[in-house]
Amino acid sequence: MIFTEYRNTFRWIMIAASFIMVSVILWKTYEFFQHFKDEERVKMENWSFAQKELSKTGDLDVNIGELPIEILQSNRTTPMIKVNQDGSFDSNNIDEEKAKDSLYIQKLIAKFKNENAPIEIRYKNEVLSTIYYGNSPLINKLKYYPLALILIIVLFIAVIFFFYSSNKNATQNKLWSGMAKETAHQIGTPLSSLIGWTEILKSEHVNPEYIFEIEKDVDRLQTITERFSKIGSIPTLEVADIIEETINSYDYLKSRSSKLIDFEITTPTGDIPVKLNKQLYSWVIENLVKNAIDAMKGRGKLTVEISQLENNIKVSVTDTGKGIPKNQFKKIFEPGFTTKKRGWGLGLSLTKRIVEDFHDGKIKVLQSEINKGTTIQIALTRAV
């Protein structure tokens with residue numbers, strides 16, 4: 001209970017601690033990098049001193065001791081170019097073939113000057129030569145270490161985020177499934193009672209037309225109960241004519257909607273067999289049509305169109321309502337998202353789940369213009 005109450009505070013503390021830890025690691029890495037560069041500088045200065053001692057002799061046959069020679073031979077990694085007073089140059093730890101190209105050497109000198117300050121070799125206040133040196137391979141590798149560290153941290157955060165998101169979605173799905181089953185259970189009791197009262201009304205010789213309409217609504221309640229019971233489990237699919245199932249749902253909604261709505265349906269001729277769960281598919285059509293009516297505020301034109309291209313079946317519901325901003329095309333299918341003052345924002349979320357999870361189809365906002373209307377399209381596959 002205490003953990004739940006302070007969960008958001010705990011998250012922010014963890015985020016802040018992680019940020020501080022990453023900042024410290026990056027700072028220490030930067031300090032280490034600079035320290036390593038300073039060590040490299042000292043090594044090159046020692047190399048220049050050894051070169052200076054060698055230059056004093058003017059003759060390699062003169063005994064100058066072993067130390068300068070050892071220092072000069074110790075540099076096996078740092079790339080460098082020594083430009084002499086007369087313009088000639090010597091290179092060390094640079095590809096011999098490339099070193100023959102003077103243009104390449106000039107570019108390399110410019111690069112080295114950006115990486116490290118040149119070192120002048122002076123003797124009796126005269127500049128004998130200038131040493132340009134670049135970063136050693138180890139420093140170049142260390143240079144990318146902070147980036148690699150940041151990348152690893154970003155990937156780690158992404159894994160945590162996706163784990164948390166999927167865990168949250170799984171929890172939500174369990175919650176909706178449990179609510180759906182409980183709703184079906186709660187509706188079942190009064191529904192049984194209504195069926196009994198309908199039989200009593202028949203025996204009382206009530207107008208058959210009234211009984212017929214009541215039975216239609218009772219059948220509708222039974223369908224709704226079946227829908228809620230199926231949403232919490234994997235439903236059974238059977239081959240059915242999608243045109244017939246769409247028209248059945250369309251006709252039921254049309255007869256119970258405002259007369260100010262101009263309904264229109266367009267379908268191909270013949271049957272189109274598709275693997276469907278009839279109760280859940282009718283729920284899809286009902287949700288889309290009701291959302292379209294709400295978007296038009298009970299006045300406008302609503303069109304349902306079924307089209308077929310080989311094995312691809314498209315069912316489109318078009319309204320002349322207020323439209324949907326482009327940045328909300330995907331959000332409208334998220335649980336809890338709604339632009340209405342009342343409602344839980346579950347209709348289109350359940351519709352998406354029914355279409356994509358249960359029928360292996362796709363649903364999307366095909367097109368929408370503000371104050372002109374919206375088309376939402378379902379894509380299914382024809383049964384072979």
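Two packed helices are described by the angle between their axes and the distance between the axes. Helix α10 (residues 278–295) and helix α11 (residues 347–358) have axes that come within 9 Å and cross at roughly 145 degrees. The axes are lines fitted to C-alpha atoms over the stretch in contact, and angles run from 0 to 180 degrees between N-to-C directions. The crossing of α10 and α11 is left-handed, a term for a near helix turned anticlockwise from the far one by less than a right angle. On the α10 side the contact (heavy atoms within 4.5 Å) is made by Leu 280, Trp 283, Val 284, Asn 287, Leu 288 and Asn 291. On the α11 side the residues include Leu 348, Ile 354 and Phe 358. The residues of this contact divide into nine nonpolar, four polar and no charged; Ala, Val, Leu, Ile, Met, Phe, Trp, Tyr, Cys and Pro count as nonpolar, Asp, Glu, Lys and Arg as charged, and the others, Gly among them, as polar.

The model is predicted: local features need pLDDT of at least 70, side-chain atom pairs count only at pLDDT 80 or more, and totals for chains, interfaces and linings use all residues. Residues are numbered from 1 along each chain as its sequence is written, and side-chain values use heavy atoms, with hydrogens and water left out.

Asn 135 is in the loop between β4 (126–133) and α6 (137–143). Leaving aside neighbours within four places in sequence, Asn 135 is in contact with Lys 37, Pro 79, Glu 115, Asn 116 and Asn 140. Gln 377 lies in strand β11 (residues 373–381). Not counting residues up to four places away in sequence, Gln 377 touches Lys 314, Val 315, Ser 316, Lys 362, Ile 363, Lys 364 and Leu 366.

The chain has eleven helices and eleven strands, which are DSSP runs (H or I of at least four residues for helices, E of at least two for strands) numbered from the N terminus. Of its 384 residues, 32% are buried. Among contacts between residues at least 6 apart in sequence, 67% join residues at least 24 apart.

Definitions and conventions:
Buried < 20%, exposed > 50% of the residue type's maximum accessible area, 1.4 Å probe, protein only.
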